[in-house]
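Subject: Structure handover

Hello,

Please find the structure below. My notes on it follow, and they can be read with the model open beside them.

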Amino acid sequence: MAAEDGTGPGGVRADAVRVSGLRFRYAGSEPWVVDVRELVVRAGERVLVTAPSGAGKSTLLHLLAGVLDPTEGSIAIDGTDLSSVRGAKRDALRGQRIGMVFQTFHLLPGFTAGENVALALSFGIGEQGTGAQRSRVSELLGRLGVGELAERPVDELSVGQQQRVAVARALACRPAVVLADEPTASLDPENADRATELMLEACAADRAALICVSHDPAMRERFERAGGGCLDDVFSVETAGVKS
């Protein structure tokens, strides 16, 4: 059994993600949308899943985030089995140990860049001194090159700047794993390349595992492990897969 902070016996950090026998299909559907026999992602590791739209990539991330429950199998995040926590406890685990970067960012309109990051921080770790919160927000936004925009409403930021704020928000609580769903799809090629590099650097600095799904083949060279529609470079085809 892992401790609350995700450490196991002797203080050794648990794997960021451990999946076993994972299968999922929607009610009334026949084929498996996701079928992954085994997946282990360690702290600081980055994994890219590439496949065409509709191949189950986003569904895989929703399962890992605990938004969907698997039809079969188990998912452990930072040493905690998702099936063992429900309701508010699962929400708390998601806030503390999982960061999300969405294709359309999902920033809160009308709030500043700093407030968007601070809100994620308060959801993740609950009560915290305002000084510590401000320090963490300032650190992240500064590291991602948008520190001077902390007081600007996100509605007034460029798409590239919003993407940086979204990455900062995902890393606010120093999560064990960051899940990125087509994070560069809304960006032009120049901003997409820059944003990818920033996301990878930010995750590496916090030793957060990164699982990114994308249909952009240009992203493959930046990841240690990458898989296509059947995760063929991560696993053998007959062992695991994400299927349409």
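The buried residues of helix 5 are G160, Q162 to Q163 and R164, V165, A166, V167, A168, R169, A170 and L171, where buried means under 20% relative accessible area, exposed over 50% and partly exposed in between, with a 1.4 Å probe and protein chains only. That is 11 of the 13 residues, so helix 5 is mostly covered. Helices (H or I, at least four residues) and strands (E, at least two) are DSSP runs, numbered from the N terminus.This is a predicted model, in which local features need pLDDT of at least 70 and side-chain atom pairs count only at pLDDT 80 or more, while totals for chains, interfaces and linings use all residues. Residues are numbered from 1 along each chain as its sequence is written, and side-chain values use heavy atoms, with hydrogens and water left out.

Helix 5 has 13 residues and spans 19 Å from its first C-alpha to its last. This is close to the 18 Å expected at 1.5 Å a residue, the expected span being 1.5 Å times one less than the number of residues.

Next, the neighbours of this helix. Two packed helices are described by the angle between their axes and the distance between the axes. Axes here are lines fitted to C-alpha atoms, for helices over the stretch in contact, and angles run from 0 to 180 degrees between N-to-C directions.

The axes of helix 5 (residues 159-171) and helix 6 (residues 189-205) come within 10 Å and cross at roughly 15°. Helix 5 is therefore roughly parallel to helix 6; angles under 35 degrees count as roughly parallel, over 145 as roughly antiparallel, 65 to 115 as roughly perpendicular and the rest as oblique. On the helix 5 side, the contact (heavy atoms within 4.5 Å) is made by Q163, R164, V167 and L171. Helix 6 supplies R194, A195, L198, M199, A202 and C203. By class, this contact of helix 5 with helix 6 has 7 nonpolar, 1 polar and 2 charged residues. Ala, Val, Leu, Ile, Met, Phe, Trp, Tyr, Cys and Pro count as nonpolar, Asp, Glu, Lys and Arg as charged, and the others, Gly among them, as polar.

Helix 4 (residues 130-143) also packs with helix 5, at an angle of about 135° and with the axes 9 Å apart. The two are therefore oblique to each other, and the crossing of helix 4 and helix 5 is right-handed. Here the contact is made by R136, L140 and L141 of helix 4 and by V165, A168 and L171 of helix 5. The residues of this contact divide into 5 nonpolar, no polar and 1 charged.

R174 has a positive phi of about 50° although it is not a glycine. D78 has a positive phi too, of about 55°, and is not a glycine either. D78 is in the loop between strand 4 (72-77) and strand 5 (80-81) and counts as buried, at 1% relative accessibility.

One more loop residue is H215, between strand 8 (209-214) and strand 9 (225-227). H215 is partly exposed, with a relative accessible area of 46%. Leaving out residues up to four places away in sequence, H215 touches A51, S53, K57 and E182. H215 and K57 are 158 residues apart in sequence, and 9.3 Å apart in space, C-alpha to C-alpha.

For the protein chain as a whole, the secondary structure comes to 6 helices and 10 strands. Buried residues make up 50% of its 244 residues. Among contacts between residues at least 6 apart in sequence, 71% join residues at least 24 apart.

Regards

Terms used. Left-handed = near helix turned anticlockwise from the far one by under 90°.
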